[in-house]
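Hi everyone, thanks for making time.

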Amino acid sequence: MRDAKKRLRRTMMFLNAQKPGLIKDPYIYGADSLMLDLEDAVAENQKDAARFSLFHALRTIDYHGAERIVRINGLDTPFWKEDIRCAVAGGCDGIRIPKTETAQDVKIVEQQILKAENEFGRPENSTLIMAAIESARGVVKALEICEASKRLFGIALSGGDYTKDLHTHITGTGIELMGARQQLVIAARAAGVQCFDTVYTDLENEDGFREDVNTIHLMGFDGKSIINPRQIHIVHEIFTPKEKEIIFAEKVVREIDSKKAQGIGVFTVDGKMIDIAFYDGAKRIIELAKASGVYEGEL
């Protein structure tokens with residue numbers, strides 16, 4: 001489970017689970033994770049049809065290594081328990097909880113997942129959890145949510161509902177999201193889980209999207225939710241370490257390993273002052289490069 005929780009998730013592409021044409025082969029676009037949606041994308045009178053489509057897709061389609069997460073309906077609806085049964089029976093990789101506001105929300109879903117795993121003969125703890133934060137209360141409770149379950153691999157900001165709760169709106173500048181973004185990243189890092197940014201809905205504004213992705217990358221996010229395949233390559237480009245970064249990270253790791261043995265704590269690499277505090281960051285760059293398929297070294 002630990003390896004599954006830490007897998008590469010630069011992009012999570014949302015897909016309407018009700019539409020076979022959308023979920024039969026989305027792996028061809030190369031997103032790291034697929035978000036099969038039973039919530040907002042599906043009308044209330046079509047929930048059963050969407051579950052039927054989802055179950056058979058999960059059971060019959062080879063997604064070629066792409067992670068399959070199912071967004072269930074809210075815990076304040078009559079649909080979520082059956083959503084979990086269907087998703088777990090089909091063999092999904094994880095469940096996304098919408099509108100998460102407390103640790104108890106996560107624990108309630110965890111109990112239902114365990115029941116479904118036992119009911120359908122799936123290994124216990126094989127189904128992961130992620131929590132969507134969509135309100136001011138959820139942001140304030142983010143650390144408690146992150147620490148609510150060993151199954152939880154990450155949290156995600158849902159900007160639309162969050163900005164409504166703040167009595168504002170999406171502006172495209174990111175100003176209205178800045179506080180929540182940083183709070184969620186801090187909570188995720190404190191709990192040792194991943195953090196994902198909200199969708200960018202202006203599909204015609206590629207420059208704006210690129211700027212938005214650069215911003216959240218610098219803030220420390222692990223990836224971004226997306227709604228169109230055209231957005232994938234931009235996110236992957238920005239979140240994949242560049243050759244220059246990888247070479248420098250290799251030098252840092254080798255130098256620190258060498259200098260530690262000699263009892264030297266501070267030194268320079270390419271003219272930059274380096275100490276042991278740089279070690280973990282350099283290792284993370286190398287691990288990310290490996291996971292992204294751009295590094296085949298020995299470190």
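Okay, let's start with a group of charged residues. Asp 37, Glu 39, Asp 40, Arg 71, Lys 99 and Asp 161 are linked in a network of salt bridges. Before I go on, please keep in mind that this is a predicted model.

The side chains of Glu 39 and Lys 99 form a salt bridge, with N and O 2.8 Å apart.

You'll find Arg 71 in strand β3 (residues 67-71). Is Arg 71 buried or exposed? It counts as buried, because its relative accessibility is 8%, and the cut-off for buried is under 20%. Leaving out residues up to four places away in sequence, Arg 71 touches Phe 14, Met 35, Leu 36, Asp 37, Leu 38, Glu 39, Asp 40 and Arg 96. Among those contacts are Asp 37, Glu 39 and Asp 40, which are also in the salt-bridge network.

Now for the database side. UniProt, in an unreviewed entry, has a "binding site" annotation that covers Arg 71 and Glu 134. The two are spread over 64 residues of sequence, yet they cluster in space, with a largest C-alpha distance of 13.7 Å. Both Arg 71 and Glu 134 are in the lining of the second largest pocket.

There's also a "binding site" feature that UniProt, again in an unreviewed entry, places at Glu 134 and Asp 161. Those two span 28 residues in sequence, but no two of their C-alpha atoms are more than 5.4 Å apart, so they gather at one spot. The lining of the second largest pocket takes in Glu 134 and Asp 161 from this set.

Glu 134 lies in the loop between β5 (128-133) and α6 (136-140), and with 5% relative accessibility it counts as buried. Which residues does Glu 134 touch, not counting residues up to four places away in sequence? The answer is Pro 98, Lys 99, Ser 158, Asp 161 and Tyr 162.

Let's step back to salt bridges in general. How many salt bridges does a search of the whole structure find? It finds 24.

One is between Arg 85 and Glu 82, where the closest N and O atoms are 2.8 Å apart. This one is local: both residues lie in helix α4 (residues 80-90), 3 residues apart, about one turn of the helix. Arg 85 is partly exposed at 28%, and Glu 82 is partly exposed at 36%.

The other joins Glu 204 and Arg 230, at 3.8 Å from N to O. Glu 204 is in the loop between β7 (194-197) and α10 (206-219), and Arg 230 is in the loop between β8 (223-226) and α11 (232-239), so the pair ties together parts that are 26 residues apart in sequence. Glu 204 counts as exposed, at 67%, and Arg 230 as partly exposed, at 47%.

What about disulfides? How many does a search of the whole structure find? The count is 0. Take Cys 92: its sulfur is 8.8 Å from the closest cysteine sulfur, in Cys 86, which is too far for a bond. Cys 195 is in no disulfide either, with the nearest cysteine sulfur, that of Cys 146, 7.3 Å away. Cys 92 is buried, at 0% relative accessible area, and Cys 195 also counts as buried, at 0%.

Last, the overall layout. The protein is divided into domain 1 (1-239) and domain 2 (243-292), and their C-alpha centres lie 33 Å apart. Okay, that's my tour, over to you.

Methods: Residues are numbered from 1 along each chain as its sequence is written. This is a predicted model: local features need pLDDT of at least 70, side-chain atom pairs count only at pLDDT 80 or more; totals for chains, interfaces and linings use all residues. Side-chain values use heavy atoms; hydrogens and water are left out. A disulfide is a pair of cysteine sulfur atoms within 2.5 Å. Buried means under 20% relative accessible area, exposed over 50%, partly exposed in between (1.4 Å probe, protein chains only). A salt bridge is a side-chain nitrogen of Lys or Arg within 4 Å of a carboxyl oxygen of Asp or Glu. Helices (H or I, at least four residues) and strands (E, at least two) are DSSP runs, numbered from the N terminus. Domain bounds come from an automatic or database domain assignment. UniProt positions are given in the numbering used here, feature names are shortened, and annotations may be inferred rather than shown by experiment. On a 1 Å grid over the protein atoms alone, a cavity is a set of points where a 1.4 Å probe fits but cannot get out, and a pocket is an open set with protein on both sides within 12 Å along at least five of seven lines; lining residues have an atom within 4 Å of a point. Contact means heavy atoms within 4.5 Å.
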